[in-house]
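The sequence and structure are shown first, and the description follows.

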Amino acid sequence: MGRRRDARLGLKQGNAVTALVEGIFQALVAGLLIGAIYGIMCVGLGLIFGVMRVINFAQGDFMMLGMYAAFYCFTAFGVGAVFGTTWGPFVSILAAGPILALVGYVVHRLLISRVSGTRTASLEGEGHHAQLVLTLGIALVLQNGGLMAFGSVLASIRTPLSSSAWELGPFLDMSVFVNKARGIDALMAVAIMAGLALLISRSRLGKQLRAAADNSVAATYMGIDVDRAHRIAFALGTGITAIAGGLLATNYPFHPFVGVDYVIVMYAGVVLGGMGSIVGAFWGGMTIGLVQQMSTLILPTQLQNAAIFVVFLLIVFFRPQGFFGRNVERT
Amino acid sequence: MLTIDALSAGYSAVPVLKGVSIRVQAGQFVAIVGPNGAGKTTLFKSISGIVTPSAGSITFEGADLLALPPSRRPHLGIAHVPEGRQVFPSLSVMENLEMGAVTEAGRRDWRANIERIFEWLPVLAERRDQLAGTLSGGQQQMLAIGRGLASSPKLLMLDEPSMGLSPAIADFIFERLIDIRKQSGLTILLVEQRVAEALESADHGYVLEAGRVVLEGNNQSLRADDRVRQAYLGM
């Protein structure tokens, strides 16, 4: 009698442990998947804030525009009709990149260039105050303009893949489920990151961007058009964040004010990764994704963002320059 | 080749240059000497377009430099090796040299140039993959010179290449410059506080004091001038 009860108890405990480990793995995978998207979202800002040192509070709202651009490409501009409901969303999301890059290019040329780059290089604070006010203004215009244009109804870019999953496993009686849409989102994010890292580290353009970021005056002495380099970086950063927005929109509904929720996460990711480091910004975003998902194991979901910032403060306390911060002095 | 005529420039209301006229002919080595604050660096920055002059003109091979945006000027064949070296710290030595070769001529002659630069400044070849920010001051100065040479310049402008370096390393860099000039026939405009060395190696010199050219002449006449001997050469 006694022995049989013990055995049953043992089995129950075994189940509990399995469930716990399974839960941890499930959260880990969810964190990696969302982290990849946060990663490129932060990389977009990293190009603008970390590398070119332009404060841009409208980055979240450019991302919101990216979400709507992908949404309308899919629903209104025929991408859905051509590529079908399964793959159409992903094609639309990729299309949102160049569209928002163009928007970023124009906004930089008309507005941002007046308070950044060589024009303010010799000013105290490098024009940061003006950038702060200008980009907050752009953010307000985009949010309220978005409200007028798109309305306040929650929108989302759904694909049938959003509601199906791959099962990894079972290993040792445990299996982890990967939402198909999120899996593809993460793969796309990683591919974009790899492409961008190659562009920045190997291409002539990438090297010129880095040189302009290192020392804009010396870059001018070399014959590099620093303002053009900044414009390209701004466009690139806006486009990549827009794609990140589209990828998020396959799983999270959005509205015209959604940018505010993400812009703080972006800054945290860039600082966490280390100012000036593109790869660092990606890992910063990844860290935030992981912390957010892992925290759900022990904390109520309302405290997800609090957990992010506690971890952020801890990391910055012990490593103020971030993961990949430059040890080399900027001149 | 380079003609600066009655140039005045300064920083918001503080005039630094007051009617400076300087001429550099093709193949010449011209040195501009003078004490701290005489306006030597401001002169260079005006040529490169970082400072906008308030009056006067600068022409390079007949082209009006002041009408061109700063980033176009290097493409005409002007290489500026700036004060304090200003290499790109997070780029490797090789990438720094590539940035020198952004100009059309630099791109065209890249292979030949890089071979010669490594021959003249072998330490750059040894450290080609090292980040420029981790080089010593002397190595950074050599990189800054190499970066300037990589643009295939017609005119090489050097702003105080000896600044902040030990006398031995400064001497070495001067020797290298004289070698490079001998072998390449490059036109050089040098700004320097080490007056003796500068005047010794240059064909022609200008003495700049408080924003004005107070003296000019060829190598011998300047070094024989009593004022130069007293004020700068300590004789």
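## Domains of chain B and their boundary

An automatic or database domain assignment divides chain B into domain 1 (1-75 + 157-163 + 188-235) and domain 2 (78-153). This is a predicted model, in which local features need pLDDT of at least 70, side-chain atom pairs count only at pLDDT 80 or more, and totals for chains, interfaces and linings use all residues. Residues are numbered from 1 along each chain as its sequence is written, chains are lettered from A and ligands numbered from 1 in the order in which they are written, and side-chain values use heavy atoms, with hydrogens and water left out.

| Item | Value |
|---|---|
| Distance between C-alpha centres | 24 Å |
| Buried area | about 1300 Å² |

Buried area is the accessible area (1.4 Å probe) that the two parts lose on being put together, summed over both. Of this area, 54% lies on carbon and sulfur atoms. On the side of domain 1 of chain B, B:His75, B:Met157 and B:Met163 lose the most area to domain 2 of chain B, together 38% of what that side buries.

Contact (heavy atoms within 4.5 Å) links 16 residues of domain 1 of chain B with 13 residues of domain 2 of chain B. Between these domains of chain B there is 1 salt bridge, a side-chain nitrogen of Lys or Arg within 4 Å of a carboxyl oxygen of Asp or Glu. B:Arg72 forms a salt bridge with B:Glu104, and their closest N and O atoms are 3.7 Å apart.
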